[in-house]
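Please examine the structure shown below. The paragraphs that follow lead through its packing, its sheet, its charged pairs and its loops.

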Amino acid sequence: VSRAKPEDDEYWNSSKFKAFTFDDDDDEFSRLKESKRAVNSILVDDDDDEEEEDGVERVSWSGEPVGSISWSVKETASSIRSGSEQSFPKIDTTPSLSKQGSGYSLSSLFKGDLYDLSPEETVRRMQKGRAFSLEKFRSLQDKLLLLDEAVAVYDGNLITAVLIYLKKSLSKEILFRELMARDVALRHYVHYLKEMGEQKLLVDVHILLMQYKEHLNIKDEGQRRDFLKSCLGLPFSQDDATHVQDHYTLLERQIIIEASDKKADAEIFKKFPRKASILNMPIITTLYYSCFYHYGESEGTYSSPENIRKTFRISEKQYILTALGARAKLKSWFDVDSLFNTKNWLGYTKKRSPIGFHRVVDILQKNSAPVNVLQEYVNLIDSPELKLSVALKYKCHDIVINTYRDLKDRQELVVYREKLERDSPEYRKIQELLNNVQIRWKN
Amino acid sequence: MAHTEWKDAPGLPDFSLLKRLARDQLIFLLEQLPGKKDLFIDADLMSPLDRIANVTILKQHEVDKLYKVELKPIVSSSDQLCFLIRPRIQTVKWISDVTTDEWNFYILPLDDDILSLELPEFFRDNFLEGDQRWVTTAGSALRLLQSVYGSFSKVYGIGRCAKMVYESWRELMEDGEQRTRQPEFAKVFLVDRDVDFVTPLCSQVVYEGLVDDLFRIKCGSVEFGPDVTSSDKSIKVMLNSQDKVFSEIRNEHFSNVFGFLSQKAKNLQTAYDKRRGMDIQQMKAFVADELKGLKQEHRLLSLHIGASESMMKKKTKQDFQELLKTEHSLLEGFEIRECITYIEEHINRQVSMIDSLRLLCLLSITENGLLSKDYRSLKAQYLQSYGIEHLLTFANLRQLGLLEEQQAGETLTVMESKVGKLVNDKTVGKLTDAFSSLAKKSNFRALSKRLALVPKSGEEYDLRVPRDMAYVFSGAYIPLSCKLIEQVLERDGWTGMEEVTRMLNGQEFAVTGGSSSSEARSKTDAQRIVLVMFLGGCTFSEISALRFLGKERGCRFIVVTTAITNSSRLLEALLDNSA
């Protein structure tokens, strides 16, 4: 869509956006809060009856409605745990004659039977749940006819049933060759094999990933690492090969870090005990962990942020974002500061950030940074409108006041003053400004 | 206000009949096993079963204990074991040597106008795995509806699966008896989920959609935690037209909900205040007639206010405004670079695994794939943030066409060429084809322009008095699926939409059935009821949009879906990052 780019303001003011403008002093939201208070304060002084009305069910301690199926299942399960175990009773497997016509048994799929039917008729019988026999389809041609007929009626379960029979009665090569010509049947077969865990029978790009996926079934991290190593030889695409390599390297390093940190007695581990192991965590989580517990370590160690950054080719933006989060959590404002310092060509230190400073402020605020720290970064926001809105959001009074002063907006100052505590330094500051005759207010 | 009831609305068929049929058949089957028995139920069938036959009824038919099907050894004291399962291979393998029978549970009515097949796996099985095992199930559902509610006279549809379901249904009909009775709905529209992937990927902003996105509605009911109930207990509530408060706000854009709830609270206060200054007689009458209703309304109101507050808190915390802005930009095709930057940061901050993926897919579909450098970079960052095991998820998304690179033609990978040396090239090609989707180009922009899905920006869109279906997405986008339905109904077919169907990769059809000719003219109620069947899932936003459309056109839509879905469920079905 090519069009003149409207001001961002237009969007922010449009109805699409306004629908979700929920500031604290928004009328609608405060009305809602009021409604809630009103509703809850309606005293029902007459009558007792705590009986449940329609639609609101009584729940048990587990959160399930009493009397529901899921509640019953849970009750049974918990009573079993406390009860004694009983052995699995033998099930009567002989099909009872009286059940003729009301159902079919799975085993009858493979028993020889007397009917002599064409593929179409057989498939119809299968659909209707009547007894049938597949054994009679002995020749390859017959078997293929049977398969084609099953496909023609679009019955997935039927197709699978026929495929099971074919798998048993045909050689792998022949079956596969024939499936090549039958898209629908082939897809079914693939899916069936996957569900049966026999995907090795397939030769396909997909199998690489299924193979790789096996690592999820290995619980022991050492074995998993070794398994991933074995995947390195697989002919993945270039990009995917890199990812698998990273995966192996990551787990290898995590195992080393985990072993060392588990018994670590550095101050930081005591102050902020680890909540979980680092094994199998994503790269960024590992980086965060490293920035938290191993900040400043030399690049030579596997646990250092620098090492992780280099090994996994982490972008500057990603790195700063992660480090910021970790150091802010620890309230290391000095470290945070250093993240943004660069020297310009004249040798002066300047603050620079690959992520907008408003984002930095967000993260700092989430970590309860003191107002003076917040203000420092709010001041670094380029766009005046954004700076003002962030300052308002986080109550950085000085910045708000200075901005209005610079804009020579008397009215806004007056309005803002009312939000402040009387006799607070900010309040007095506004007073002073308002009383300053030298300022040429615009309103 | 978008009311669900309007003057002259055609009456809806009674779908509770379906529940009774299913229940009666289940009871019949249980009675085939006289005496005490234990019942093992598939986890997915537990909620639907609860709606159809509760524990009391089961106990009445000598069901002793209830267990959940878990693929491990069974411990039971009963001689007879009964298993209620879906025919999935893993489950069937686990249960060996049994006699089987079929319970014709196809459809669960979730509300007056929503019917669900409760088959969430339909989407993945059919569209990702290419496994058509559920096609006959869907066909059977149609046959059931037809046999209970009368023949349809017109069937429209679009999508490969829609065609198959139609064929399957037709075959089933040929075998069965034809019942001639006055039909309760005349038209059916079948649509594949993959005809419109954009809509389920968008954040929902109508009330019911928001509740589903944030709290997960399951089988028509939802669990509200302590943050909503303002107590230490959770509560499970049914959400349907029986809840008078809910039924008035469910289709509303969220911005209208507060106003409505506030007003209702005021009215409630007034009604309660009437008590003061009543004499004994009046009091007695009040208590007898009005009080119960007021108390119920109080409870419901409290609940929904609590839910709204909770939703608000969560959304502001998540910077919902910025998120919506990005979505709207993507839908419009505007400032795409900024959108990509936003998505990149979303991934970098590890905000949410599913949401990051959702945004990537939305970007890909609206832009006909990502530029190669963007695809590789964003994929790498995603794997770094959320785990490399997501390699498989990316493969799945690529296969479905949800997240792909802009590239002409597939080049053989190294692997394929290696295999090619062992087997002949034709086979290798076949193998690739078999596993790649009948991958279609997305064409969203062209479609959007042709069908005017994105209203011109700059014009004010009044959400209080919506002028079209775009209100379900704050005026930014008309759901493609619903637009198609609107157009086809208007034209009584696909004439004039050749360009559109071509962009959707064809597979459209329109069929006129047997008994129609005379009824086609008459303006009976049946002519004004349209059944829409979503194969692969349907969102509450689409349901709300169709309700709006129905009011506009003077008809009612009945939505049949293989399952209710939303962006989370859709993507979770495609995740492959766990064992």
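Which residues does Leu364(A) touch, not counting residues up to four places away in sequence? The model is a predicted one, and in it Leu364(A) is in contact with Leu324(A), Ala328(A), Trp333(A), Val336(A), Ala369(A), Val373(A), Leu374(A) and Tyr377(A). Leu364(A) is also, together with Leu145(B) and Phe224(B), one of the residues that touch the most other members of the largest nonpolar core, a set of 253 residues. Helix 13 of chain B, which spans residues 280-317, gives the most to this core, contributing 10 residues. As a matter of general background, nonpolar side chains in soluble globular proteins tend to be buried together.

Chain B may next be considered as a whole. Its 579 residues include a buried share of 62%, and its secondary structure amounts to 26 helices and 12 strands. The accessible surface of chain B is about 22600 Å², and carbon and sulfur atoms account for 50% of that area. Where contacts in chain B join residues at least 6 apart in sequence, 77% of them link residues at least 24 apart.

Seven strands of chain B form an open sheet with mixed pairing, in the order 4-5-12-11-7-6-10.

Strand 4 (residues 108-111) and strand 5 (residues 114-116) of chain B pair in the antiparallel sense over three bridges. The two strands form a hairpin with two residues between them, and Leu108(B) stands opposite Ser116(B) of strand 5.

The charged side chains come next. In general, side chains of opposite charge can pair when their charged atoms come close. Over all chains, the structure holds 47 salt bridges. In one of them, Arg327(A) meets Asp335(A) with an N to O distance of 3.0 Å; both Arg327(A) and Asp335(A) are buried. Another joins Asp576(B) to Arg124(B), with the closest N and O atoms 3.2 Å apart. Asp576(B) lies in the segment after helix 26 (567-572) of chain B and Arg124(B) in helix 5 (residues 121-128) of chain B, so this pair ties together parts that are 452 residues apart in sequence. Asp576(B) and Arg124(B) are likewise buried.

Arg467(B) and Asp468(B) also meet through their side chains in a salt bridge, at 4.0 Å from N to O.

Two loop residues of chain B complete the account. Asn368(B) has a positive phi of about 60° although it is not a glycine, and its place is the loop between helix 16 (353-366) and helix 17 (372-386) of chain B. With a relative accessibility of 28%, Asn368(B) is classed as partly exposed. Asn505(B), another residue other than glycine, has a positive phi near 65°. Asn505(B) lies in the loop that runs between helix 23 (498-503) and strand 10 (508-512) of chain B, and its relative accessible area of 35% makes it partly exposed.

Terms used:
Residues are numbered from 1 along each chain as its sequence is written. Chains are lettered from A and ligands numbered from 1 in the order in which they are written. This is a predicted model: local features need pLDDT of at least 70, side-chain atom pairs count only at pLDDT 80 or more; totals for chains, interfaces and linings use all residues. Side-chain values use heavy atoms; hydrogens and water are left out. Helices (H or I, at least four residues) and strands (E, at least two) are DSSP runs, numbered from the N terminus. Buried means under 20% relative accessible area, exposed over 50%, partly exposed in between (1.4 Å probe, protein chains only). Two strands pair if DSSP finds at least two bridges between them. Contact means heavy atoms within 4.5 Å. Accessible areas come from the Shrake-Rupley method with a 1.4 Å probe; for residues, only the protein chains shown count as cover. A nonpolar core is a set of buried Ala, Val, Leu, Ile, Met, Phe, Trp, Tyr and Cys residues joined through side-chain atoms within 4.5 Å.
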